[in-house]
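Thank you all for coming. I would like to take a few minutes to walk through one structure, going from its overall layout down to a few single residues.

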Amino acid sequence: MKLCEFLGIKYPIIQAGMVWAATSPLAIAVSKNGGLGTIGAGSMSEEELRDQIRQVKDATDKPFAVNIPIMYGNAETQIKIAIEEKVPVVITSAGNPKLFTPVLKDHGIKVFHVVSSVKFAKKAFEAGVDVIIAEGTEAGGHNGREGIATFPLLRAILSELGDVPVVAAGGIADGWGFAAALMAGASGIQMGTRFVATSECEAHPAFKDAIVKAKDQDTVLIGGSVMAPTRVIRNRFADEVLKAEREGKSAEEIGLMFRGRSRLGIREGDLENGSLMAGQSVALINEILPVKEVINRIVNEALLAARSFNIQNLFCSH
Ligand SMILES: Cc1cc2nc3c(=O)[nH]c(=O)nc-3n(C[C@H](O)[C@H](O)[C@H](O)COP(=O)(O)O)c2cc1C
């Protein structure tokens with residue numbers, strides 16, 4: 001499937017739904033510049049979500065998405081709002097895709113679902129989703145428990161399920177990663193961390209700076225011993241969670257430690273006590289840029305990578 005034709009966009013680049021970071025200014029900028037902008041509903045009340053959707057619709061006629069994590073208590077209401085507001089695409093994550101896919105599709109909404117294993121990809125297709133987002137362990141934020149990296153996950157889903165549209169997510173922040181994902185059979189890419197470090201993103205400037213400063217070894221998975229792990233930039237909060245895990249604290253106790261931490265880190269910029277959700281692609285992000293520049297660069301880099309790449313030249317005749 002050609003994702004751009006399916007969605008009516010220019011580039012097969014999806015800006016990820018992200019709690020406290022993926023609000024309307026970011027979604028508008030991405031959709032206006034040829035990608036698919038996404039509102040991250042996970043941290044929003046009903047009123048906020050409706051308001052955010054209307055802001056995007058007022059600003060652009062381009063398609064956009066709303067990300068609704070299914071596991072949250074208000075998912076059903078958020079699905080209703082997406083239907084009432086005639087959102088073009090819903091990206092569901094963290095939950096059973098059978099729950100809402102049929103009703104969304106009955107209302108003409110395209111459904112994408114985030115998966116972390118081949119097993120979940122199969123379930124998503126059985127549920128009738130249009131596009132699978134294969135999210136590897138490199139990704140920022142909540143991860144699957146399986147710990148499978150983006151490339152093996154993408155390839156395994158494609159080889160098990162055949163010619164299905166799969167978007168690669170996790171660890172991609174430049175045109176070389178973009179080109180590599182397309183070459184490996186992805187229909188497109190989803191980026192989260194790269195889009196946080198943009199001028200339009202409403203995340204706290206201190207958090208954006210932390211992404212720019214972070215290097216390859218600075219992210220860590222936390223909470224994975226008792227729940228689905230979260231990839232964050234390592235800080236005092238991350239160390240406290242890791243210590244609690246080593247001490248064998250219960251899922252409930254560790255779950256409580258996460259309360260309010262993503263807002264604290266992402267929106268309020270508390271670099272010590274907040275959950276600084278970000279992926280391994282922090283190593284590739286060296287400046288805060290306008291969305292237009294991020295998209296132009298990644299597209300041009302991918303074109304350059306593809307044009308200048310000749311596998312034959314890398315082989316020897318002996
Ligand atoms: C700050 C942040 C918040 C996130 N929040 C969500 C979320 O609310 N829902 C979701 O499905 N994924 C969430 N994610 C994961 C992204 O949707 C995306 O799949 C991931 O960022 C891709 O990997 P990358 O960060 O390497 O680009 C979040 C990621 C980040 C960095």
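Predicted model: local features only at pLDDT ≥ 70, side-chain atom pairs only at ≥ 80, totals over all residues.

The domain assignment divides the protein chain into domain 1, which covers 3–202 + 288–314, and domain 2, which covers 205–267. If we take the centres of domain 1 and domain 2 over their C-alpha atoms, they are separated by 23 Å. Where the two parts meet, 16 residues of domain 1 are in contact with 13 residues of domain 2, and on the domain 1 side the elements that give two or more residues to this contact are β7 and α9.

Now to the core. The largest nonpolar core has 96 residues, and those with the most contacts inside it are Val90, Ile132, Ile133, Ala134, Val167 and Ile189. Both domain 1 and domain 2 give residues to this core, so it lies between them. To take one of those residues in detail, Ile189 is in contact, once its neighbours within four places in sequence are left aside, with a set of residues that includes Pro12, Ile13, Ile14, Val167 and Phe178.

Let us look at the sheets next. Eight strands make up an open sheet with parallel pairing, and reading across it the order is β1-β9-β8-β6-β5-β4-β3-β2. Which strands stand at the edges? They are β1 (13–15) and β2 (37–40), and each has a single partner strand, so one side of each is left without a neighbour in the sheet. From one strand to the next, the twist averages 25°. Strand β1 pairs with β9, residues 188–191, in the parallel sense over three bridges, and Gln15 has Met191 in β9 as its bridge partner. Helix α2, residues 24–32, packs on this sheet and touches β1, β2 and β3 (64–69), while its direction makes about 165° with that of β2.

There is also a sheet of three strands, again open, but here the pairing is antiparallel and the order is β7-β11-β10. Its edges are β7 (141–142) and β10 (219–222), each with a single partner strand, so one side of each has no neighbour in the sheet. Between β7 and β11 there are two bridges in the antiparallel sense, and Gly141 stands opposite Arg231 in β11.

Finally, a word about Gly34, which sits in the loop between α2 and β2. Gly34 has 17 other C-beta atoms within 10 Å, and it is therefore classed as partly exposed. Leaving out residues up to four places away in sequence, Gly34 touches Ile9, Lys10, Tyr11 and Ile295. Gly34 and Gly265 are 231 residues apart in sequence, and from C-alpha to C-alpha they are 29 Å apart in space.

Conventions. Residues numbered from 1 in each chain as written. Core = buried A, V, L, I, M, F, W, Y, C linked by C-beta atoms within 7 Å. Buried ≥ 20, exposed ≤ 12 C-beta atoms within 10 Å, placed from the backbone. Domains from an automatic or database assignment. Contact = placed C-beta atoms within 7 Å. Pairing = 2+ DSSP bridges. Helix = DSSP H or I, 4+ residues; strand = E, 2+ residues; numbered from the N terminus. Axes fitted to C-alpha atoms, helices over the stretch in contact; angles between N-to-C directions.
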